[in-house]
Amino acid sequence: MIQNLFPVPVYVNKIKSSVDLKTICLDMVNGESVKRSNKGGYQSPDIKDNKNFSKLIYAIEFAANKFAVNIGLKNNLKVDTLWANVNGYKDYNLIHSHPKCVFSGAYYVSVPKNSGRLEFYSPAYEGIEYDWNDNVQNRNITNSAILNYDLEENLLLIFPSWLKHQVEPNLNEKEKRISVAFNLAAGV
Amino acid sequence: MIESIFRIPFYKIFLDIDNKPLVSLSKKLLKQNRIRNLSVLGGTQSDEISGKDKEVHSLAQLIVKHSKVFAKQVGLTEQLSIGSMWANVGGYKDCHRVHHHPHSLIGGVYYVSAPKDCGNIRFYHPYYETMQYDWNTSTLNKPNEYSYGSRDLEAATGWLYLFPNWLNHSVEPNLNKKQKRISIAFNMFKNI
């Protein structure tokens, strides 16, 4: 009998923002920026206190605490940091995780065609790469080192903060990929 | 909606076989001083069990059969054979430190004799250390399969467990003062 140990949970939902976040994020591009995992493109500083994002933060915290209860965690999570990403042609994000928090995630404001997918790395990435990859006959979620997640506008993704991920380059020469990313921590 | 995007497969089945020849084999190996202690902390781990050790033939056939079933369900090659096999005999408070089985495809264990309180086998989430940091007691409420950092599975006589070779595991101390825990462990490799 086969059973599964340690499934990796991701919360997926679609929410429509009543605020024009696309215009708000594009207006930030000429202001202060930070460099973290992004290669090219714009990443804002922490905008948690920006009133334009209050409703989004409320929706994120509501969803995250529901998610937390379902996977056995306490429902005392608050958005700790929130930032905007605006990525143009061939801009991408290097592999990274989000230490010292519980969940991380992103809300996708604008996802033009061919603007790249989110790549999740299996916790067992090294083991699968080293010993299994040459012997996989049918790729599935029990033997994959990487999962490419298709993105779409209004998508809210929340995942364990320790789960490594990166973002593929935006190959749309005309339109930018815009997302609002965040970290959630316990009782901030 | 919650999606599981990665899962770690595990296979278990009860084998209805006579364990007496395997107990005899374990004693024979130790008597012949065929020993190589690797992951054990106390107790004894044998050297390679070979094709000349007839006592293990029935078990070996079943291990190959079930490994192929497991491999098919996981999507791995079914061209598998036993690459190495050894016996573990653990007395009071003997245990195995955390380890995995590099260069193979599937690791496994068959419990020849698992007396009461002889210790569970413990599997560790690949991100065990990170989870200890960020999903600690101030975060956890009622941990479940999505949030466990480790899982304990009972060592039980007659059960065969198969798991990915890269999955870290350890064995708790045998707290039975009178009876030994005896198991046959093995690695499955792709046929060359």
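These notebook entries concern a predicted model and its chains A and B.

I noted the conventions: residues are numbered from 1 along each chain as its sequence is written, and chains are lettered from A in the order in which they are written. Local features need pLDDT of at least 70, side-chain atom pairs count only at pLDDT 80 or more, and totals for chains use all residues, while side-chain values use heavy atoms, without hydrogens and water.

Entry 1, chain B. I looked up the secondary structure and found 3 helices and 11 strands, taken as DSSP runs (helices H or I, at least four residues; strands E, at least two). From the N terminus the order is β-α-β-β-α-β-β-β-β-α-β-β-β-β.

I recorded that the C-alpha atoms of chain B fill a box of roughly 55 × 40 × 30 Å along the principal axes. I also noted that 50% of its 192 residues count as buried, meaning under 20% relative accessible area with a 1.4 Å probe, protein chains only.

I asked which residues have the most contacts inside the largest nonpolar core. They are A:Phe53, A:Leu82, A:Phe103, A:Leu118, A:Leu157, A:Ile158 and A:Leu184, in a core of 54 residues. Such a core is a set of buried Ala, Val, Leu, Ile, Met, Phe, Trp, Tyr and Cys residues joined through side-chain atoms within 4.5 Å. Helix 2 of chain A (residues 54–70) gives the most to this core, with 7 residues. I then found a second, separate core of 50 residues, which includes B:Ala87, B:Leu105, B:Val171 and B:Phe186.
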